Amino acid sequence: RGGPGGWGGRRGPPGFATAAPGLDKASPEGGAPSATASPVPRRRVLLATVAAAIVVAVPVVVALAHRMSPGAAAPAAPLASADANRQPPGLPAASGPAPSGVPSASMSMPAGQRESRPPSGPASVATRPPTAGEAAVVVKPVKPTLAAFFNNVAVTDDARPTAGNFDGGGATYSAQALAAGGARPGASLTVKGVTLTWPSAAGSGHADNAIAAGQTIGVPGSGRTLAFLAAADYGDVSAGGQITYTDGTVQAYTLSTPDWNEVGDPSTVAVAQYQNRADGLPYESPAGVFGVTVPLAAGKSVASVRLPFAGPVPAREGATTLHLFAARIG
C-alpha cells in the first residue's frame, strides 16, 4: 500500500525496523550511498560470525578426536539401562540360549527321569551292590522306631470309650476285651518266631499305633524276618514300602493286612470279643489284631524301613486305612 505508514514508503512491514537514513540516497559524487548512520561494515560482521563459529566448533572437534583416538575409554551406558539389563559376568542374556550342557529352567527332564518329591529317609542309597574297585556304600541305621510316629488312638478303656478313634467313626478296640484275648499293654506277641511287644500306651487314651503314611522308621532286632502287628479298617489293605540296607541296597515289599473284623484270618494273633463305640456303648462284634511278615535278604543289616502310604491322617470314616502297632526284626 502507498502513503505514509504504508509498505510503499520508508517504513517496512509492522515489526521491521525502518531503513537507515541515507542508505537509499546517492552520494553527491554518484558513488556508493552515503552512510550518515555509520552502519557496521559487512566485513566486520562476517569476521565476527566466523569467529563465533570457530569458538563453537573447536570443542566439538576436540571431543570427536578424543573418542576416535586408540585406547579411548568407551562411554558408560546409561544407568537406568544398565540396571534394567544387568547380568552376572559370563552369563548369557535372559532371552539368549543357555550355555552348552546347562539346562534352562523350562528344559524338560531327560527321557526316563521324572521330577518328584523324594520320600523321607536316607538322602541317597545305592540300588546295587558295589562292584570290584568301588568303595562300599554305608548307610547309617535310622534311630526313631515305630512308636515315635504313633498318630492314632485305637484302644480305649471301657470307662472312657470315646477317648479314641480307630476308624474315623469313633470305633475302637476295648482294652479290657483285648487283655482277655491276649493283648495286654506291654504284652509279648509272637509272629512266625518273631517276638513283638503290644504298645504299653494301649487303653491310656494316648496314641498307640501309626497310620502308615510313608514314614521312615528304624526297626530293632536282627535276622531274616521283618514282622508287624497290624490291622486295617474299612476293608483289607495291600500296600508297598521299601527296605534300605546298610550296604546301600534297597528292597521293595508289600504288606497285606485283613480288616479288623476278619478275626478268622490265619494271621490273627489277638481278638477283642467286643468293640467300643462313639456313643459310649459296647458293640458286640469281635475285632482282631494280625501278624504280618516280610522276608529279608540274607547276610544284610537293615538301616531303615519306609512304611507304605495306606490311609489318611487322621483316620477318616469310610477310608480304608492300615494301622501298625509294633515292628521288629527276628
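**View 1. Gln251 in strand β9.** Gln251 is part of strand β9, residues 250-257 (strands are DSSP runs of E with at least two residues, numbered from the N terminus). This is a predicted model in which local features need pLDDT of at least 70 and side-chain atom pairs count only at pLDDT 80 or more, while totals for chains, interfaces and linings use all residues. Residues are numbered from 1 along each chain as its sequence is written, and side-chain values use heavy atoms, with hydrogens and water left out. The relative accessible area of Gln251 is 18%, so Gln251 is buried (buried is under 20%, exposed over 50%, partly exposed in between; 1.4 Å probe, protein chains only).

**View 2. Surroundings of Gln251.** Setting aside residues up to four places away in sequence, Gln251 touches Gly241, Gln242, Ile243, Tyr245, Val294, Pro295, Leu296 and Ala297 (contact is heavy atoms within 4.5 Å). The side chains of Gln251 and Tyr245 are joined by a polar contact of 2.4 Å (a pair of N or O atoms within 3.5 Å; within protein, one must be able to donate a hydrogen and the other to accept it, and residues adjacent in sequence count only if both atoms are side-chain atoms). Val305 is 54 residues from Gln251 in sequence, with a C-alpha to C-alpha distance of 9.5 Å.

**View 3. The peptide bond between Val313 and Pro314.** This bond is cis, with omega about 0 degrees. Pro314 sits in the loop between β14 (302-306) and β15 (321-329).

**View 4. Lys192 in the loop between β3 (188-191) and β4 (194-197).** Lys192 is not a glycine, yet its phi is positive, near 50 degrees. Lys192 is exposed, at a relative accessible area of 71%.

Key. Helix = DSSP H or I, 4+ residues; strand = E, 2+ residues; numbered from the N terminus.
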